[in-house]
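Trainee: I am new to this structure and would like a close look at a single part of it. Please take me through that part step by step.

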Amino acid sequence: MRLLQIAGVCLLSSMVLLLLRELRPSFAPVLRLGTAVIVLGAGLVLLSPIITQINALLEVGDAGELGSVLLRALGIALLAELAASFCEDMGEQTIARCISTFGKWEILVLCLPLVGKVLELAKELLQY
Amino acid sequence: MLRFTFFTVALLVLILPVHAATDTEKEAQNAYDTFLQSVPEEVREFLPASFFESPLDESEASLREAGSVQNILRALGRALGLSLGDALRLLAKITGLLVLCAIFRSLAPDGSVGLSRALTLCSTLCLALLLFTSQRERFLHLETYFNTIKSLATAFLPLMGTLYAMGGNVRAAAVNHGVLSAFLALLETLCAGTVLPITGLCLSLSLLDATTGGGISLRPLAGFIKRTYTLSLSFVMLLLCGVLGLQSTLAKAGDTIALRTARFAAGSFLPVVGGSISETLRTVAASVEYLRAVAGTGAILVLFFAFLPTFCSVLLTRSAFLLGGAIAKLLHCDNEEKILAELGSVFGYFLAIIASLFVMLVFSLTLFARAAAAGG
């Protein structure tokens, strides 16, 4: 029952955050970030068997390389989304948007070799 | 002296056709053996061993065995079994990938539209690369099928010519040879030279269409190319079939008149032996008709067993893609569904081409097998 632990951590930090907002507002973002990192870390630990399973399946389908690209893209998206929402919570919309855009670009850069491969395949198909 | 000369001439007239018929029969047997030697190993597996061992004039029983319902059903089962394994493996791979894409999307954050679009592009690229790369081998398999059909038709041409000529259908032999040579040229230039390039073009268009996420819609263009090409090829095949049927009928009628006139002349102007010559010609004609039927049916069977595995494989692969498309729709993977539908349509185009080539060859062989000898 990891959910109980995570729910406990989340509830506790929410209560502490309520108090901090009144007493020491400058400490609130730090606690919020700490809680988010703990929850995300626990989520990754929870997901690791699923990721291993997905990797194994992709290896069977001769798609190990593609699988790693997919998982890296997923990781980038999750991280960018988390950072952007954190910035949004602090009222920094512009920085949040910048992070999202950067994440999108990083995924596109990750996809570039795949685009190259697709074009190569199309060229090969045209040579038949 | 006059009596002796007349007797010698009559004897020669009686013996020479029989001797010539025996020689031509040997020639026909050699041509048939050459044809059988050109049958590829994968087709041989579907035919009984006696089919390749019996001489042409005694192969009726082995033909009956090869063309029996049991053997055809067994071959169909085997071809389906062989292709079904591959198709199921392909379907499993497609389903696995689609499930992974669906899981991937559910894990992806749904806050930013740009991020989720980038992720969709990434997953579509991966699926497209996997599917298109695995289909390259199938195109090579189809190229092998075209080459097999071409080599079988080329090997059967001399046998057709010999047996047509044996029955006195000299004009029919010329017409058949001409039309089939045109067909072979068509097969070489059109099929080997254009089927795969057109497929490559359509696939690359659909690949680019799928990976751009419908931003640039290239699918209609690919569909137009496929439809136009299939229609043109079907029209050319129809034209060839029409010309072959028309010319064969006319040529056979001409040959029949020529040989019947000769038989009538022999029967009327050569006293005593004239009737025998006429009867001998009729017997030769019957035996030639028998040989033609046997050789023609044998060739149709060989072609059928070459066609069956390829047809089953393409049909089942197409079904796997279409079924994969339906699963993609179920899992809300719209881009992936587009790729799978396009691959299914490319395999439908393959089916049309394979079937039209087979029908053209069977039509020509049926005309040959059912043709009456000119002297008959």
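At what angle do helix α3 of chain A and α6(B) pack, and how far apart are their axes?

Mentor: Keep in mind that this is a predicted model. Two packed helices are described by the angle between their axes and the distance between the axes. Helix α3 of chain A, residues 64–89, packs against α6(B) at an angle of about 175°, and the axes lie 10 Å apart. Angles over 145 degrees count as roughly antiparallel, and α3(A) and α6(B) are therefore roughly antiparallel to each other.

On the α3(A) side, the residues in contact are Leu66(A), Val69(A), Leu70(A), Ala73(A), Leu74(A), Ala77(A), Ala80(A) and Glu81(A). They meet Leu115(B), Leu119(B), Cys122(B), Ser123(B), Cys126(B), Leu129(B) and Leu130(B) in α6(B). By class, this contact has 13 nonpolar residues, one polar and one charged.

Now to a partner of α6(B) within chain B. α5(B) packs with α6(B) at an angle of about 170°, with the axes 10 Å apart, and α5(B) and α6(B) are therefore roughly antiparallel to each other. From α5(B), the residues in this contact include Asp86(B), Leu90(B), Lys93(B), Ile94(B) and Phe104(B). From α6(B), they include Leu119(B), Ser123(B) and Leu130(B), and these three are also among the residues that meet α3(A). The contact of α5(B) with α6(B) divides into nine nonpolar, five polar and four charged residues.

α6(B) also takes part in the largest pocket, where it gives the most to the lining, with ten residues. That pocket has a volume of about 800 Å³. Of its 31 lining residues, the closest to the centre are Ser83(B), Asp86(B), Arg138(B), His141(B) and Ser313(B). Asp86(B) and Arg138(B) also belong to the contact of α5(B) with α6(B). The elements that give two or more residues to the lining are α2, α5, α6 and α9 of chain B. By class, the lining has 13 nonpolar, ten polar and eight charged residues.

One last point concerns α5(B). The side chains of Glu45(B) and Arg78(B) meet in a salt bridge, at 3.1 Å from N to O. Arg78(B) lies in helix α5 of chain B and Glu45(B) in the loop between α2 and α3 of that chain, so the pair ties together parts that are 33 residues apart in sequence. Over all chains, the structure holds three salt bridges.

Definitions and conventions
Residues are numbered from 1 along each chain as its sequence is written. Chains are lettered from A and ligands numbered from 1 in the order in which they are written. This is a predicted model: local features need pLDDT of at least 70, side-chain atom pairs count only at pLDDT 80 or more; totals for chains, interfaces and linings use all residues. Side-chain values use heavy atoms; hydrogens and water are left out. On a 1 Å grid over the protein atoms alone, a cavity is a set of points where a 1.4 Å probe fits but cannot get out, and a pocket is an open set with protein on both sides within 12 Å along at least five of seven lines; lining residues have an atom within 4 Å of a point. Grid points are joined across faces, edges and corners, and a volume is the space filled by probe spheres set on the points. Helices (H or I, at least four residues) and strands (E, at least two) are DSSP runs, numbered from the N terminus. Ala, Val, Leu, Ile, Met, Phe, Trp, Tyr, Cys and Pro count as nonpolar, Asp, Glu, Lys and Arg as charged, and the others, Gly among them, as polar. Axes are lines fitted to C-alpha atoms, for helices over the stretch in contact, and angles run from 0 to 180 degrees between N-to-C directions. Angles under 35 degrees count as roughly parallel, over 145 as roughly antiparallel, 65 to 115 as roughly perpendicular and the rest as oblique. Contact means heavy atoms within 4.5 Å. A salt bridge is a side-chain nitrogen of Lys or Arg within 4 Å of a carboxyl oxygen of Asp or Glu.
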